[in-house]
Amino acid sequence: MWRGPARRYFLGGLILGGAVMGLLLGIAGTLLGALLPRWLSFGAWLLAAAVIAGAELLGKRLPLPQNARAVPQEIITSGSHSGPLQFGFEMGTGVRTFMPSGVPHIVAIGLILTGSPLVGLVAGIGFGLGRAAMTVTRGASPEPRGWDARLFQARRALSAITALTALALAVALTRAGGG
């Protein structure tokens with residue numbers, strides 16, 4: 001999509017957007033954590049994680065909150081760095097475009113129910129880095145359309161792996177913190 005400095009602004013925006021969203025979700029988790037008993041917060045997270053992971057494993061789409069609209073062309077064709085930075089930031093928050101997996105929602109729900117600002121910040125940076133890694137690996141591919149096709153073929157396996165990993169994390173953290 002972009003090259004040179006514009007690409008770096010986009011990648012930086014992805015990480016910054018993830019960091020800001022994660023921090024906000026972690027703050028929400030701190031506030032909600034003061035209101036709910038820990039066993040209820042962790043139990044609700046585990047239930048949500050099981051439902052979302054189950055749907056992922058079965059290849060079903062749950063109607064989860066997300067913005068499934070196309071990217072405006074003026075952002076993509078913008079000659080300045082503000083377009084790539086803005087789009088990267090918005091995409092890094094997870095609310096700008098369609099997400100092909102419900103797994104990020106497992107993490108977001110966990111942050112809202114049990115998080116802290118530091119945990120949220122780290123998780124958000126991880127989300128932004130994950131989105132950036134996809135962009136970098138596709139861009140480094142000698143054949144980007146072939147990369148897309150291989151990703152499409154592997155989507156069920158990748159979805160299963162990430163869903164099971166997120167569910168295992170939810171179980172482990174529930175056992176450790178929800179006691």
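What follows is a set of questions and answers on how terms are applied to this predicted model.

Trainee: What should I know before reading the values?

Mentor: Residues are numbered from 1 along each chain as its sequence is written. The model is predicted, so local features need pLDDT of at least 70 and side-chain atom pairs count only at pLDDT 80 or more, while totals for chains, interfaces and linings use all residues; side-chain values use heavy atoms, with hydrogens and water left out.

Trainee: How do you know that the span of helix α6 agrees with its number of residues?

Mentor: The expected span of a helix is 1.5 Å times one less than its number of residues. Helix α6 (residues 117-140) has 24 residues and should therefore span 34 Å; its end C-alpha atoms are 34 Å apart, which agrees.

Trainee: Why is His105 called buried?

Mentor: Buried means under 20% relative accessible area, exposed over 50%, and partly exposed in between (1.4 Å probe, protein chains only). His105 has 10% relative accessibility, so this residue counts as buried. His105 lies in helix α5. Contact means heavy atoms within 4.5 Å; apart from neighbours within four places in sequence, His105 is in contact with Ile52, Leu64, Pro65 and Met99.

Trainee: Is Ser41 buried or exposed?

Mentor: Ser41, in helix α2, has 3% relative accessibility and therefore counts as buried. Leaving out neighbours within four places in sequence, the contacts of Ser41 are Leu36, Leu113 and Thr114.

Trainee: What about Phe98?

Mentor: Phe98 sits in the loop between α4 and α5. Its relative accessibility is 43%, so Phe98 counts as partly exposed. Phe98 and Gln66 are 32 residues apart in sequence, but their C-alpha atoms are 6.2 Å apart in space.

Trainee: Which residues of α6 are buried, and what covers them?

Mentor: The buried residues of α6 are Gly120, Gly124, Gly128, Arg131 and Ala132. Their cover includes α1, α4 (82-93) and α5 (103-114).

Trainee: What makes a set of residues a nonpolar core?

Mentor: The members must be buried Ala, Val, Leu, Ile, Met, Phe, Trp, Tyr or Cys residues, joined through side-chain atoms within 4.5 Å. The largest such core has 11 residues, including Phe42, Trp45, Ile52 and Val103. Helices α2 (38-58), α5 and α7 (144-178) each give two or more residues to this core. Five residues, the largest share, come from α2. A second, separate core of six residues includes Phe10, Leu14, Phe87 and Ala132. In soluble globular proteins, nonpolar side chains tend to be buried together.

Trainee: Why is the pair Arg138 and Asp148 called a salt bridge?

Mentor: A salt bridge needs a side-chain nitrogen of Lys or Arg within 4 Å of a carboxyl oxygen of Asp or Glu. For Arg138 and Asp148 the N to O distance is 2.7 Å, so the pair meets the definition. Arg138 is in helix α6 and Asp148 in helix α7, 10 residues apart. A search of the whole structure finds one salt bridge.

Trainee: How exposed are the two partners?

Mentor: Arg138 has a relative accessible area of 31% and is therefore partly exposed. Asp148, at 28%, is partly exposed.

Methods. Helix = DSSP H or I, 4+ residues; strand = E, 2+ residues; numbered from the N terminus.
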